[in-house]
Structures are given as structure tokens and as C-alpha cells.
Amino acid sequence: MDIKIFYPENKFYLLFSGLLTLMTISSAKAQPKFAGKEDLLSTPKKYTVFFNSESPKIDGKLDDKVWKNVEWTENFKDIQAERKPLPIWNTRAKMTWDSKGLYIAAELMEPHVWAYLKNYDDIVFYDNDFEVFIDPDNDTHRYYEFEVNALNTMFDLFMTKPYRNGSGAMITYNAPGVKWAVDVQGTINNPSDIDKGWTLEMFIPFWAVSIANSAKVPVDGDFWRINFSRVEWKTEVKDGKYIKLKGADGRNLPEYNWVWSSQGVINMHFPERWAYLHFSKQVSGDSKNSFTIPYSEEQKKHLWYVYYLQQDYYQKNRVYASDLSMLGITELIFPIEGKENKLWMEAGTHQFMVFISSDEQVYSVNNEGLVQLRKRMSK
């Protein structure tokens, strides 16, 4: 459609034949950021863990003086997104630290507490459980998982990289020095009464989660990536025992997955989705959470957006896209919080690496999801 504007002399007019194009551009800019992947690129939660010179006794009871001034996390939500229905029962956690390691306390409300797995390194999530995931260096590789059920059975493992990137779990990893304990407020495995729930305490020494010959102890201001998950199965009682409900196909009905910081997908092994754990040398009770998520984490969202689109493209075409435009990404220079950023990619049929730069820093993520800080690169 052409729009003509005539001047009084009736000698000049302007043709707005590009109006439709301008409207299209305006509409494209109005599209949601990270369209189609919003849940995977929302900002995770954050928590400042304050220093305590006094350590709690690991007995599962949470009655130590040290815990009284330590803030709880928010109650857990559905693993996929905050907007999903709220969990049936509340779960929350709190943390503190000293020069030796990280202390975690958790509270799981539960009217019927049950668990049957008793052996160390049993696959504990086959029972209801509480799970801890830790990535100390924020690169999504070389991370740790700890699972505990209400019988105080531990399943710990080490991941060289996520399952999605071709890794298997190193179950032979037994975290040195880790302590844990459970306290049940009720009677476990007794369907005839109503329980309040169960609580958990865990101590994770820094040297148990260090890839080095000595412990990597956080300094004031450092941060890790961490998340918590609660697995809750749907059950019924048969012959005095809790039995998982099955569907018409005879398989167990899917479990509930309740987490502190929503993953955006039913999969805990997306470490880039875990919350930010900020270490502060200030004392619990004297300060509040003032941690600002680093600017680089906002930059990395654009890397992850390309990564997710590339995985979708590969699933469909069995090769990676060779150019960002093939993924629908045409804006390669754009502002993030007022700073100009440049995005580019190098790709072959079965490998890729995408980069983002601003000022003196260049970050990258490759097809295996490994995030790295690089020196400035000429491009």
C-alpha cells in the first residue's frame, strides 16, 4: 500500500511504499526475547551464603544455633517453570559455610514419609529423595550430584559433562569427607499415621568438589552454580507398603520434580540453569542478599540461545547449521545493558562454537555445552 502526502504547492509528494516493510521490522523487534526458549533462558535464582565460624552438628535436626539466623530459600516450584502448578507439599533449604566446606539444611513436608533403598550408591531417586547439584566453576562440565532419601541412604556421583553431551555418570566417585544425616518427624514406612515430614543436613568439604591436589576454597565474592531437586512419586498403599502408582501401560506414573530454581525443562542436568550461590565472608544475620549476577551471565544467555537452536537443528537435519542466519539469527551486533556486543559462530557439520564479545572479554560455548572465557579475538 502506498501513502501519498501532498504539499500545498501540490508539486511534491512522498511515497511510503516501504510502510509494510517497516511494520514487519517493528513487529520482529517486538517478538519476545529468545523466542521459543524463554523458559530455558529466564534468570535463575540467587542466594548469598554467609560465613559462620561455628559449624552445625550434622544430625538432621536443624536445631543448632548456627541455623537460626540463616535465611531459607523460597519454597520449591515445578521443575519446568514458575507458572506451573505449585507442588503439593512445601520444600525449602538453607546454607552456610566455613573454611572447611559448605553446609546445607533442607526441610521436606510430607504426610507419608517412606523410603526402601538402604545401600550406599543405590539409585536413590527410585525413592522419594532430596538432591543437590553443584558446579563450582560455572562451565557446565565437571560437576557433582548428591541424593539422599528418608532412610539416610546416599547416592553421590561425578559428571565430566551432562548426559545430553554424551557423558555417563561416574558412580564410583565417593565424595571424600561428605557428612549427611536425616531426621524424620513421624514414623517412616508406616501408612497408618500422618507424618510432618523429614529434614536433612549435609556437609560438603571443599576438597570433595575440587579438581586439584588441594581444596579450592571460595574467597569473599566468589560464586558457584547450585540447585536442589525433590523427587516425589505418586503412591498407594498395598499390604501395608507404599507402592508406586502405574499407568495403563503398566509403567510407573511420572514422578513430581520440585526444584528451588526452575530448570525450564524436565531435566536437572542443564547446569547452566542452576541458581547462583554467592559466597560472602559477612556473618549470617548481619547482612542480606546483595549479590548482583555478573554482566557476563547475561551475555551467555545469547550463547545458550544459539546452542539450543543448534541442537534443535541437528535433531532435524543431522548436521549443525553453518551460519547463524540459518537459525533465524540476523542481528549480530546488539546492546546488552547499554554495552555493544558482537555475536558470531564457527561451525562444521558436526561441531560448532559460538562467541560473544564486549569490551575486552570473549566468551564461547561449543557443541558439548562447554562454556569458556577467552581472550579478545579479532573477528
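Reply: Buried means under 20% relative accessible area. Note also that this is a predicted model.

Me: How many of the 23 residues of α2 are buried?
Reply: Helix α2 covers residues 295-317 and reaches 34 Å from its first C-alpha to its last, close to the 33 Å expected. The helix is largely enclosed by the rest of the structure, because its buried residues number 17 of 23.

Me: Which strands does α2 touch where it packs on the sheet?
Reply: The sheet is open and antiparallel, with five strands in the order β18-β19-β20-β21-β22. β18 (333-336) and β22 (371-374) stand at the edges with a single partner strand each, so one side of each is left without a neighbour in the sheet. Packing on this sheet, α2 makes about 155 degrees with the direction of β20, and the strands it touches are β18, β19, β20, β21 and β22.

Me: What is the bridge partner of V354 in β21?
Reply: Strands β20 (residues 352-358) and β21 (residues 361-366) pair in the antiparallel sense over six bridges. In β21, the partner of V354 is V365.

Me: Is D98 buried or exposed?
Reply: D98 lies in the loop between β5 (91-97) and β6 (101-109). The cut-off for buried is under 20% relative accessible area. D98 has 2% relative accessibility, so it counts as buried.

Me: Which side chain does the side chain of D98 join in a polar contact of 2.7 Å?
Reply: The D98 side chain also reaches the backbone nitrogen of G101, at 3.0 Å. The polar contact of 2.7 Å between side chains joins D98 to Y103.

Methods. Residues are numbered from 1 along each chain as its sequence is written. This is a predicted model: local features need pLDDT of at least 70, side-chain atom pairs count only at pLDDT 80 or more; totals for chains, interfaces and linings use all residues. Side-chain values use heavy atoms; hydrogens and water are left out. Helices (H or I, at least four residues) and strands (E, at least two) are DSSP runs, numbered from the N terminus. Buried means under 20% relative accessible area, exposed over 50%, partly exposed in between (1.4 Å probe, protein chains only). A polar contact is a pair of N or O atoms within 3.5 Å; within protein, one must be able to donate a hydrogen and the other to accept it, and residues adjacent in sequence count only if both atoms are side-chain atoms. The expected span of a helix is 1.5 Å times one less than its number of residues. Two strands pair if DSSP finds at least two bridges between them. Contact means heavy atoms within 4.5 Å. Axes are lines fitted to C-alpha atoms, for helices over the stretch in contact, and angles run from 0 to 180 degrees between N-to-C directions.
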